Amino acid sequence: MNFLIDATLPVRETKLPYTLDMKITAAAPTRIGVNALLDLREIQKTVPEQLADNAIIDNCGLQARLDDLSLKAQDDAIDLNGDVTITIFECSRTSERDFQRGEQKRAILANMSTAATVELRDNCAYFKLIDLTLTAPEEQREQLLKDDTLDSVKELMLAAVDLVLNETPLCPELPAELASLDPVYDNGGPKEIGEGGLGVFLDGSVDFSPSTILDILTALQQNELIPGPP
């Protein structure tokens with residue numbers, strides 16, 4: 001039995017739409033198997049647009065702005081590539097706790113490449129960056145290596161992105177008619193949908209009970225998959 005459910009992922013003050021395709025199967029005499037596929041292709045389209053020209057890092061002496069981002073799923077991995085403008089400023093202390101940004105010292109256009117995976121925690125899917133690579137034009141590389149700029153930006157970007165990702169887990173919510181299922185997911189990860197489309201699969205199960213069966217039958221009737229009462 002399959003159910004298509006429209007859902008949203010809250011990100012800060014924005015709600016991003018996605019589709020939950022849930023399949024229910026017989027798993028054991030006392031349990032029902034649940035296979036959920038989260039179709040995130042709409043989010044895949046809108047996230048790069050929302051992140052464009054946004055500062056990932058913005059402190060007194062350093063700003064890193066994401067100018068472009070390409071997000072693509074491939075088999076069971078997620079690849080991200082983009083351009084990052086790194087701007088370095090003079091920074092002076094004005095008090096024991098305060099600093100003031102001064103003149104711009106230089107700006108560097110670097111290329112970012114990274115991969116992401118999915119971790120399952122507390123019945124939610126969390127995206128996590130595996131690693132991040134920054135490369136700069138040859139003529140600027142020697143100076144950047146000398147003052148460790150790229151390594152510093154890399155560590156700050158990883159920390160900033162991980163903070164955002166930890167605040168925006170994917171926790172699939174079922175509609176009221178299926179709420180009693182309350183599935184427990186024990187396996188999950190990225191999944192490519194079509195050609196490069198971003199998806200996440202979750203596999204789990206629910207306890208078999210009379211209320212569960214009634215809710216499933218009600219949902220099937222509402223979706224016109226089986227006849228309703230006469």
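The model is predicted. Asp122 and Asn123 are placed in the loop between strand 7 and strand 8, and Thr168 is found in the loop between helix 3 and strand 9.

**Loop between strand 7 and strand 8**

- Strand 7 covers residues 99–121 and strand 8 covers residues 124–135, with Asp122 in the loop between them.
- Asn123 is also placed in the loop between strand 7 and strand 8.
- Most residues other than glycine have a negative phi.
- Asp122, although not a glycine, has a positive phi of about 50°.
- Asn123 is likewise not a glycine, and its phi is positive at about 70°.
- The relative accessibility of Asp122 is 73%, so this residue counts as exposed, the cut-off being over 50%.
- Asn123 has a relative accessible area of 26% and is therefore partly exposed.

**Loop between helix 3 and strand 9**

- Helix 3 spans residues 149–167 and strand 9 spans residues 184–193; Thr168 lies in the loop between these two elements.
- Thr168 is buried because its relative accessible area is 11%, and buried means under 20%.
- A polar atom of the Thr168 side chain lies 3.0 Å from the backbone oxygen of Val164.
- When neighbours within four places in sequence are left aside, Thr168 is in contact with Leu9, Pro10 and Val11.

Conventions: Residues are numbered from 1 along each chain as its sequence is written. This is a predicted model: local features need pLDDT of at least 70, side-chain atom pairs count only at pLDDT 80 or more; totals for chains, interfaces and linings use all residues. Side-chain values use heavy atoms; hydrogens and water are left out. Helices (H or I, at least four residues) and strands (E, at least two) are DSSP runs, numbered from the N terminus. Buried means under 20% relative accessible area, exposed over 50%, partly exposed in between (1.4 Å probe, protein chains only). A polar contact is a pair of N or O atoms within 3.5 Å; within protein, one must be able to donate a hydrogen and the other to accept it, and residues adjacent in sequence count only if both atoms are side-chain atoms. Contact means heavy atoms within 4.5 Å.
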